Amino acid sequence: MTTHTRSIAGLKKKPFRPGKIGTHITIRELTKWYSGKPLYEDFELDIPKNKVTCIFGPNGCGKSTIINMIAGLIEPDGGNILFDGKSLKDTVIGYVFQNYRDALFPWLRAIDNIKYPLKLMGKSQVECDLRADSLIESFDVRFDLNRFPYELSGGQQQLVSIMRALAPEPEVLFLDEPFSALDYEMTLFIRDKLQEIFQNTKLTTVIVSHDLEEAVFLADEILLLTRRPTKVADVITFDAPRPRDINTLASETFIQTKLKCLEIFQREVRR
Amino acid sequence: MKELLQRSFGLLASNDVPAQGSYMKTQSSYMKTQIVERLRSIGQAMIGPISLILLWWLAAEADWVSENLLPGPWETFGTMFSNLVHGDMLKDAGATLKLTISALCIAGVLGIPVGILLGSNVSLYRSFEFVIDFFRSTPVTAMFPLFLLIFGIDDTSKISVAAFAAWLVLVFNVAYGVMNARKTRILAAKVMGASRGRVLRDVMLYESLTQTFVGIRMAISIGLVVIIVAEMFIGSVDGMGHRIIDSQQVYDLEDMYSSIIITGVLGYGLNLIFLALERWIVHWAGR
């Protein structure tokens with residue numbers, strides 16, 4: 001099946017169409033089949049640079065699959081994905097998993113978890129220390145990073161995951177439902193930390209979310225997906241100024257944007 | 001290091017970590033309850049062994065079992081003590097221990113890398129699954145004659161049979177541990193740009209450790225069984241197996257019983273050492 005679809009994708013090879021200005025990641029002719037059915041077929045998408053894109057869609061539409069394909073964790077059956085024209089191989093990315101417990105290395109202390117990607121890149125001990133120090137400073141970490149991950153609270157562990165993802169100064173940060181294993185207090189805490197990062201670094205960020213309010217709150221652009229075979233239902237812009245807070249949640253534009261997304265979502269679910 | 005030791009010791013000693021803010025109790029009364037708890041748990045654990053020895057004593061004293069089959073516990077422990085201190089029981093135990101540990105070392109050096117290799121390469125594992133399962137199911141004692149042919153009647157053949165049996169168990173368990181490494185951690189390493197080799201070294205190796213220790217402890221049991229049986233029947237001059245069968249032949253029941261107990265102590269002790277080692281090394285297990 002895999003080779004079959006791949007050869008079809010190869011046959012109708014169109015010339016590469018670059019994304020509109022300000023695009024960071026271009027996805028073209030992306031194809032992925034699961035158990036004999038297409039999940040993505042000829043899927044095209046531009047993800048903007050220096051912005052936060054939140055992906056939202058019905059269950060089973062492949063929200064996580066799409067970012068996993070972009071991040072190289074799942075092999076697509078066909079198509080291509082480019083970062084500013086480069087392939088993934090030449091791009092440094094950061095990825096934050098939903099389940100921090102399974103994603104951190106419990107045999108390393110939190111600080112060594114953060115340094116691990118730097119060690120992989122062959123950075124010296126001094127460079128690792130410097131980068132870790134600057135991360136600790138910018139995150140204003142108040143707990144002991146010399147502890148093992150299992151000695152930290154859920155929120156602290158997810159914060160360590162985020163710091164680990166950011167350590168190699170990635171071009172793109174991917175977060176797969178980063179709040180779904182956290183309690184509400186921790187969710188708010190991590191949300192604020194993420195906002196700080198967006199504001200300070202303008203890092204291109206892609207977040208998969210299953211909570212519409214959260215998606216709109218964090219996003220510059222909300223990418224709404226259809227049922228499978230998955231297409232882009234719509235892309236909604238939300239340009240409330242940062243830092244966003246409770247007032248943002250109560251603002252007219254937020255409520256309107258959320259409503260609009262909800263309408264599109266419901267239309268797609270009923271279809 | 002100090003902290004690690006404390007942590008592993010704490011784990012060995014008890015599972016209850018003191019709660020951070022105990023408002024009601026003062027520090028000393030808290031410690032007092034902890035000591036009482038500790039004593040109670042030790043007391044509970046001693047009920048089994050003490051009742052067994054009491055039952056043994058009753059059975060011997062009341063002649064439930066013929067005196068020709070069962071000496072009393074005190075006589076046995078007395079003989080054990082004098083054989084350990086004045087006799088050559090320690091030498092025999094040392095000989096058995098030496099053979100068992102040699103076999104385990106060989107099994108470890110040859111088994112753990114093979115297990116990692118098989119576990120990280122599913123198609124390779126499939127190719128050898130049947131062979132491993134087959135020999136794992138074959139009683140290793142059935143191969144004594146073959147090993148005797150190859151290695152001759154001396155310690156080499158005993159060590160090699162035990163090493164073979166322990167090796168199979170180790171390979172299987174290590175491979176299983178590597179195969180069941182948590183997917184997310186492997187993905188996490190991959191997405192950070194780790195090569196296949198790095199994923200193996202930095203993630204799979206650690207992930208497989210729990211199962212590796214299960215394998216090591218199973219290998220110890222099997223290795224000891226094989227060594228004891230081999231010492232009984234393959235031209236030995238020392239070792240606990242040799243001592244047990246010898247004392248049975250000359251009808252020295254007290255020595256036989258105490259040799260059996262010391263052999264048990266050997267197995268239990270080895271197990272305990274590796275359990276402690278496991279808790280120290282795989283400190284994250286179950287957390």
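Which residue of β2(A) does A:K32 stand opposite? In this predicted model, A:K32 stands opposite A:Y40 in β2(A). The two strands concerned, β1 (residues 23-34) and β2 (residues 37-48) of chain A, are paired in the antiparallel sense through eight bridges. They form a hairpin with two residues between the strands, in which A:S35 adopts a positive phi near 40°. Strand β1(A) is also paired with β4 (residues 78-83) of chain A, again in the antiparallel sense, over five bridges. Within β4(A), A:F83 is the bridge partner of A:I25.

Positive phi values were also computed for non-glycine residues in loops. A:N50, which is not a glycine, has a positive phi of about 60° and is located in the loop between β2 and β3 (52-56) of chain A. This residue has 13 C-beta neighbours inside 10 Å and therefore counts as partly exposed. In chain B, the non-glycine residue B:D63 has a positive phi of about 55°; its position is in the loop between α2 (27-61) and α3 (73-85). B:D63 is classed as exposed because 9 other C-beta atoms lie within 10 Å, the cut-off for exposed being 12 or fewer.

Cis peptide bonds occur at two prolines of chain A. The bond joining A:R228 and A:P229 has an omega of about -5°, and A:P229 is placed in the loop between β8 (221-225) and β9 (232-237) of chain A. The bond from A:R242 to A:P243 is likewise cis, with omega near 0°. A:P243 belongs to the loop between β9 and α9 (246-250) of chain A.

Conventions:
Residues are numbered from 1 along each chain as its sequence is written. Chains are lettered from A and ligands numbered from 1 in the order in which they are written. This is a predicted model: local features need pLDDT of at least 70, side-chain atom pairs count only at pLDDT 80 or more; totals for chains, interfaces and linings use all residues. Two strands pair if DSSP finds at least two bridges between them. Helices (H or I, at least four residues) and strands (E, at least two) are DSSP runs, numbered from the N terminus. A residue is buried if 20 or more other C-beta atoms lie within 10 Å of its own, exposed if 12 or fewer, and partly exposed in between; C-beta atoms are placed from the backbone.
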